[in-house]
Amino acid sequence: MTEPVLRVDHLSVDYVVGAGTFQAVTDVSFELQPGRVVGIVGETGCGKSTLGHSIPRLLPTPPARIRSGHIWFRGMDLLALPKWRMPSLRGTGIGMIFQEPINSLNPAYRVQDQMLESLRIRRFRDAGVASVPAPRLQPFDYSRPGGTKPTPSPAQPFVGALPEAMRGGRPIAKELRKEVLDFLRLVRINDPERILNLYPHELSGGMRQRVMIAMALSEKPSLLIADEPTSALDVTIQAQVLTLMKELMGEVETSILFISHDLGVIAEMADEVGVMYAGHLAEFGPVQEIFEAPQHPYTKALIRSVPNQYKDQGPLPSLPGSVPNLSQLPPGCAFHPRCPLAQPVCRDDPGPGLSANTAGTHPAACYFSTEVAGLP
Amino acid sequence: MPAPALGGASAAPGATTGSRGEGRGSPRRSRLSLVGASVVMFVRVMRANLLTLVGFILTVLIVVTAAAVALVPAIGDLFHLSLSVLPYPPNQLFTGPVFSPPSPAHLFGTDSVGRDLFSRVLSALPIDLGIGVSIAGFSVLLGGSLGLIAGYWDRPWTLGGVQSLVIMRVTDVFLSVPSLILALAISEVLGRGTVQSELAVMATWWPYYVRLTRGEVLAIKNQPYIVAARAAGVSDGRILFRHVLRNLLEPLLVYFTMDIGTVIVTYSTISYIGIGVPPSIPEWGNMIQAYQDNLVTQPWLVGSVAAAIFVTVLAFSLLGDGLRDILDPRSRRILAASAPGQGGTKLAAASPGGSDS
């Protein structure tokens, strides 16, 4: 097995605000292998977005505070890097796609200007003008079984042309423009020449999200964090965008951390799935095992609550109780007050660590993971 | 590693082979057409917004007149000629009958010693306009940069938080004293004179811009597109100067344009009190002071000076109001689309939000 692109190691993140300390992420560990998609699924407020934002260190600190843990990105501990090194790692190292396509493009600039900015950042870093902690090497075999071989990147090495770029020479401007068009075509925008000169408010939501994806991909990140990229889109556009992202992964040779609250989307996208509850990673495993043989009672309940489109089964099953307040987590396992399998030990003991539990086919943070299959 | 059951990733058609669009439209031509498009857009916006058009024309007239009044004698000097656009030298006595009401010979009439008021009002224009632009400009630069710094780096318990705190408290100190009183006090200390009083107004004018800029920066820097830019690896400086500043431009430029009028009024007040421009140089403030005794008997004296101030302030206010619509890409396109033929009726629909300065 190759070295993982991303290894999150016992990460805990708090929000320290006036009302108290909110433990948004507690002791989360997982790995992301190159060329794979890891999905993080959970309810609103379970800490998935905090987790996503904490990896490129985009959380505002304060109020956020990374209490403990490590984030290893291609062998570098991101939390140990000095803060001023982070901008040179974002974009080309770790890219990000956000939830709100409406507001994620600067309203004052045309699509062209914003795309060019991303492209210039990558070109300058590739040319070695800006020193980068992790150069955009391609040490992994990204070819996916059943997929096509990744096409060679449209950007040629930039070093020879550099002085011209410094002078703002015309050939470079033309070449950059061509590349912008290429990336817009890559995300299936039909009329890229027209889109180039439009302002964000003149695009539809789906278009904006495609432009965002094109911008993120044009920097060719080793890791792409997609924070609910399709939640603001309607279902047909959502399906298109998801298919697109999956197809483009191989093309730009990236790995994706996909965050969503939608089990269907996760099932579609992810190779491995992490289920989060109240800041804890309840379960982590291959997508098929998670859906067919969940090892944690919360996952089981979550899957059970998805409405079946074709059958009328009466009222949807729901869990008693509600998500605990993150500033006052219950003692022991965070899920025990709502858990059908809860035993006294669950209240007294925080439960087995995710990796320590080898009872089932994949790790789950539950003492009774073998009994989950027997639940309704 | 187990093979994931995922759909085949097909190559994007036209992704790397897309050579369709280039060839036509060289960069030079596209840049030219961009300038052309901006001009067309400007004309359309102007046609859609009649008041802005009035403000724009008035402003251009005022600036051109001021330039002509100030530059024509200087150019004449180069060729040893005495050229001027003014009908009479502003300080020449007895150009006509004393206290002559407005007439074709003396458009604004004459004063108690027979000086031509039209020449005097016009000769004051470059001085007053220069003072207005320089004070407002200085305030935009100083107040704007301080506000930008104080708003962008303001995390508590860091160096940025400390400088932000210091800037804002100093600003508060300045704002807590009425600016006219403070300007009077400062110019008393510096001594009387044009430059001294101008410096005094400058010293009291910038804090408003710090407040305005900081507030806008605080709002802009938490917008998702700034976070997105940061996530894309854009450096802090570039975010500040490209993303934050561009979105600041609109409120700042609007406020600046309208403020030129306010500065002219304030400076005239200081001059009126008698500590600004000395009486030997015609200036609107000291002219009103000189003519105030004749307010009832010869109303055209104060009236024509007041009208000059009024028109100047109005021109910049109207222009400033319209700039808001022009600078915002959103309303610009709406305006341009609604322009052809049907002028001012679209005015109300096209300007979103009220004036806020």
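Residues are numbered from 1 along each chain as its sequence is written, chains are lettered from A and ligands numbered from 1 in the order in which they are written. Because the model is predicted, local features need pLDDT of at least 70 and side-chain atom pairs count only at pLDDT 80 or more, while totals for chains, interfaces and linings use all residues.

Q: Why is D27(A) called partly exposed?
A: A residue is buried if 20 or more other C-beta atoms lie within 10 Å of its own, exposed if 12 or fewer, and partly exposed in between, with C-beta atoms placed from the backbone. D27(A) has 19 C-beta neighbours inside 10 Å, so it counts as partly exposed. This residue lies in strand β2 (residues 20-32) of chain A; strands (E, at least two residues) and helices (H or I, at least four) are DSSP runs, numbered from the N terminus.

Q: What makes F94(B) count as exposed?
A: F94(B) has 10 C-beta neighbours inside 10 Å, and therefore counts as exposed. You will find F94(B) in the loop between α2 (50-78) and α3 of chain B.

Q: Why is helix α10 (residues 297-304) of chain A described as largely enclosed?
A: Of its 8 residues, 6 are buried, so the helix is largely enclosed by the rest of the structure. The buried ones are P297(A), Y298(A), T299(A), K300(A), A301(A) and L302(A). Their cover includes α8 (263-269), β9 (272-277), β10 (280-286) and α9 (287-292) of chain A.

Q: What makes a set of residues a nonpolar core, and which members touch the most others in the largest one?
A: Such a core is a set of buried Ala, Val, Leu, Ile, Met, Phe, Trp, Tyr and Cys residues joined through C-beta atoms within 7 Å. The largest holds 166 residues, and those touching the most other members are A214(A), L257(A), F258(A), V275(A), Y277(A), A282(A) and V201(B). Helix α3 (residues 117-152) of chain B gives this core its largest share, 15 residues.

Q: How many helices and strands does chain B have?
A: Chain B has 12 helices and 0 strands. Buried residues make up 38% of its 357 residues.

Conventions:
Two residues are in contact if their C-beta atoms, placed from the backbone, lie within 7 Å.
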